[in-house]
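Reader: Hi! Could you walk me through this one before I set anything up?
Author: Happy to, here it is.

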Amino acid sequence: MKLLNSLGPNPRLVRMFAEEKGLELATDEIDIMAGENRQPSYLEKNPGGQLPALQLDDGSVLAETIAICEYLEELHPQPALIGATPEQRGAARMWTRRIEQKIVQPLTDGFRFAEGLAMFKDRLHVIPQAADDLKATAQEGLTWLDGQLGSKPFIAGDRFSLADIVLYSFLDFGRGVGQPIDPSNKNLAAWFERVTERPSADASLHAAARAGGMRA
């Protein structure tokens with residue numbers, strides 16, 4: 001199998017998940033800046049046009065980051081990043097969904113409708129007048145999450161999980177496009193530093209593709 005890969009927080013999320021599992025995915029680089037993901041050759045593989053996608057050995061393509069991570073976990077259950085028990089899986093999925101709704105979606109659209117407007121205006125329906133409110137919504141979600149996190153080391157409790165990977169990938173992206181963590185959210189700031197120290201955080205950023213090694 002191979003990862004259809006590109007710039008951006010979504011592909012990084014999958015790369016970081018794979019790094020945590022010790023997997024090296026073969027990659028095919030797609031130039032999103034040039035709009036390669038909106039061309040027929042890519043849309044035939046993934047009609048949604050988004051990245052990443054995972055091309056399986058039988059030629060079929062699996063899209064959506066969470067679905068890809070779930071698939072990799074099924075193939076390689078250890079270390080368990082979604083969960084080894086129903087309770088662990090339920091908690092990781094609950095927190096992942098909350099993060100997507102309260103933070104990831106408004107943060108991402110806030111960028112697309114403002115700083116990323118030139119790139120996205122001809123690719124999807126954009127609402128520039130909503131950008132500031134979306135960014136504010138993401139910050140409200142982060143403040144809420146800061147209170148929920150408290151002194152827990154990771155989002156779902158004592159265990160590093162998919163929820164942490166999703167949040168980290170988008171917060172690291174956000175701080176580079178004018179949406180940093182409010183320093184008053186001290187629990188989240190400390191959490192962010194802890195995750196930054198994980199080898200997968202650096203590897204997923206700087207090593208988008210490596211040949212050889214273990215393949216999923």
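Author: Keep in mind that this is a predicted model. Let's begin with strands β1 and β3 (residues 53–55), which pair in the antiparallel sense over three bridges.

Reader: Thanks! Which residue stands opposite lysine 2 in β3?
Author: That would be glutamine 55. Glutamine 55 also stands opposite valine 61 in β4, and β3 and β4 run antiparallel, joined by three bridges.

Reader: And in what order do the four strands of the open sheet come?
Author: The order is β2-β1-β3-β4, with mixed pairing. The edge strands are β2 and β4 (61–63), each pairing on one side only. On average, neighbouring strands are turned by 25° against each other, direction ignored.

Reader: What packs on the sheet, touching β3 and β4?
Author: Helix α3 (residues 65–75) does, and its direction makes about 120° with that of β4.

Reader: Back to β1. In which sense does it pair with β2, parallel or antiparallel?
Author: Parallel: β1 (residues 2–5) and β2 (residues 26–29) share four bridges. To get from β1 to β2, the chain passes through helix α1 (residues 9–20), and this β-α-β crossover is right-handed.

Reader: Switching to charges. How many salt bridges does the structure hold?
Author: Ten. One of them joins the side chains of aspartate 28 and lysine 2, at 3.8 Å, N to O. Aspartate 28 is in strand β2 and lysine 2 in strand β1, so this pair ties together parts that are 26 residues apart in sequence.

Reader: Is aspartate 28 buried or partly exposed?
Author: Partly exposed, because its relative accessibility is 25%. Lysine 2 counts as partly exposed too, at 29%.

Reader: Last one: which residues are buried in helix α8?
Author: In α8 (residues 186–196), the buried ones include Leu188, Trp191, Phe192 and Val195. They cover an arc of only 105° around the axis, so they sit on the same side of α8.

Notes: Residues are numbered from 1 along each chain as its sequence is written. This is a predicted model: local features need pLDDT of at least 70, side-chain atom pairs count only at pLDDT 80 or more; totals for chains, interfaces and linings use all residues. Side-chain values use heavy atoms; hydrogens and water are left out. Two strands pair if DSSP finds at least two bridges between them. Helices (H or I, at least four residues) and strands (E, at least two) are DSSP runs, numbered from the N terminus. A crossover is right-handed if, with the strands pointing away from the viewer, the path from the first strand over the helix to the second runs clockwise. Axes are lines fitted to C-alpha atoms, for helices over the stretch in contact, and angles run from 0 to 180 degrees between N-to-C directions. Contact means heavy atoms within 4.5 Å. Buried means under 20% relative accessible area, exposed over 50%, partly exposed in between (1.4 Å probe, protein chains only). The arc is that of the directions from the helix axis to the C-beta atoms. A salt bridge is a side-chain nitrogen of Lys or Arg within 4 Å of a carboxyl oxygen of Asp or Glu.
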